[in-house]
Amino acid sequence: MTLSDLVCKATGPVLALGLLACPALAQDPAAARTPAPIEGTWRTLTGTEINVQPCGAEFCGTFSFIVIPPGKDADACRGMDKTAFATLILDYKNPNQALQTRSLLGLQAVSIKPTNDPNAYTANIYNAEEGKAYDVLLWTRGDRLTLGGGCLGSMCAVTQDWPRVPDRAETPDFSCG
């Protein structure tokens, strides 16, 4: 046992030269980590929001807020009790019939892997409106997340910019259009 351990047991934390002298009470380095630029909530072109958080050595993005597209679904949404309609927000377009009854609210829709560039990532994104997944490249540019598939010869995939938005207090949630 060190002198510092003895002092900590006898008197509690001691500040010496502005440093905490009780190693057991020092801040956990993992808790003090700086969030990666990809972490946070991003709004897609349709208004749906995806919240990205660490997921082991990678990152996972979940549907944290879904906007029901205009049309008959939005009309039905406005005409129903919100809790009842929430039970209908399912993965209907999934080609795997066993997954068609899972809720989209809170569903992991994105798997993200870091690259050597701290602002660039590779990702697999599930598009629930089509029931298809796509491999894409992601770049964080301040408060924008740019998605793109890159280029092959003279053909380039369409890119999208998703703005960063504040995290919602109550998630997952949805809006009727």
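**Entry 1: a tyrosine.** I began with tyrosine 92, which is partly exposed because its relative accessibility is 49%. For my own use I noted the cut-offs: buried means under 20% relative accessible area, exposed means over 50%, and partly exposed is in between (1.4 Å probe, protein chains only). Tyrosine 92 sits in the loop between helix 3 (82-86) and strand 6 (108-114). Helices (H or I, at least four residues) and strands (E, at least two) are DSSP runs, numbered from the N terminus.

I then found that Tyr92 forms a nonpolar surface patch with Met80 and Leu88, and together they have about 280 Å² of accessible area. A patch takes residues with over 30% relative accessible area and no salt bridge; like charges are joined within 9 Å, and nonpolar side chains (Val, Leu, Ile, Met, Phe, Trp, Tyr) within 5 Å. A salt bridge is a side-chain nitrogen of Lys or Arg within 4 Å of a carboxyl oxygen of Asp or Glu. Accessible areas come from the Shrake-Rupley method with a 1.4 Å probe, and for residues only the protein chains shown count as cover.

**Entry 2: ground rules.** This is a predicted model, where local features need pLDDT of at least 70 and side-chain atom pairs count only at pLDDT 80 or more, while totals for chains, interfaces and linings use all residues. Residues are numbered from 1 along each chain as its sequence is written, and side-chain values use heavy atoms, with hydrogens and water left out.

**Entry 3: the whole protein.** I noted three helices and 13 strands. Of the 177 residues, 32% count as buried. The accessible surface comes to about 11,100 Å², and 58% of that belongs to carbon and sulfur atoms.

**Entry 4: disulfides.** How many disulfides does the structure hold? I found two, using sulfur atoms of a cysteine pair within 2.5 Å as the test. One joins cysteine 55 to cysteine 60, with 2.1 Å from S to S. The torsion about this S-S bond is about -65°, so the disulfide is left-handed. Cysteine 55 is partly exposed at 36% relative accessibility, whereas cysteine 60 is buried at 11%.

The other joins cysteine 77 to cysteine 176, with 1.8 Å from S to S. Cysteine 77 lies in helix 2 (residues 72-79) and cysteine 176 in the segment after strand 13 (173-175), so the pair ties together parts that are 99 residues apart in sequence. This link is left-handed too, with -55° about the S-S bond. Cysteine 77 is buried at 2% relative accessible area, and cysteine 176 is partly exposed at 22%.

**Entry 5: the core.** Which residues have the most contacts inside the largest nonpolar core? They are Ile38, Ile112, Leu138 and Phe174, in a core of 31 residues. The largest share, four residues, comes from strand 7. Such a core is a set of buried Ala, Val, Leu, Ile, Met, Phe, Trp, Tyr and Cys residues joined through side-chain atoms within 4.5 Å. Leaving out residues up to four places away in sequence, phenylalanine 174 touches several residues, including Cys77, Phe85 and Leu105; contact means heavy atoms within 4.5 Å.

**Entry 6: a glycine.** I ended with glycine 142, in the loop between strand 8 and strand 9. Glycine 142 is exposed, at 57% relative accessibility. Proline 37 is 105 residues from glycine 142 in sequence, yet their C-alpha atoms are 7.9 Å apart in space.
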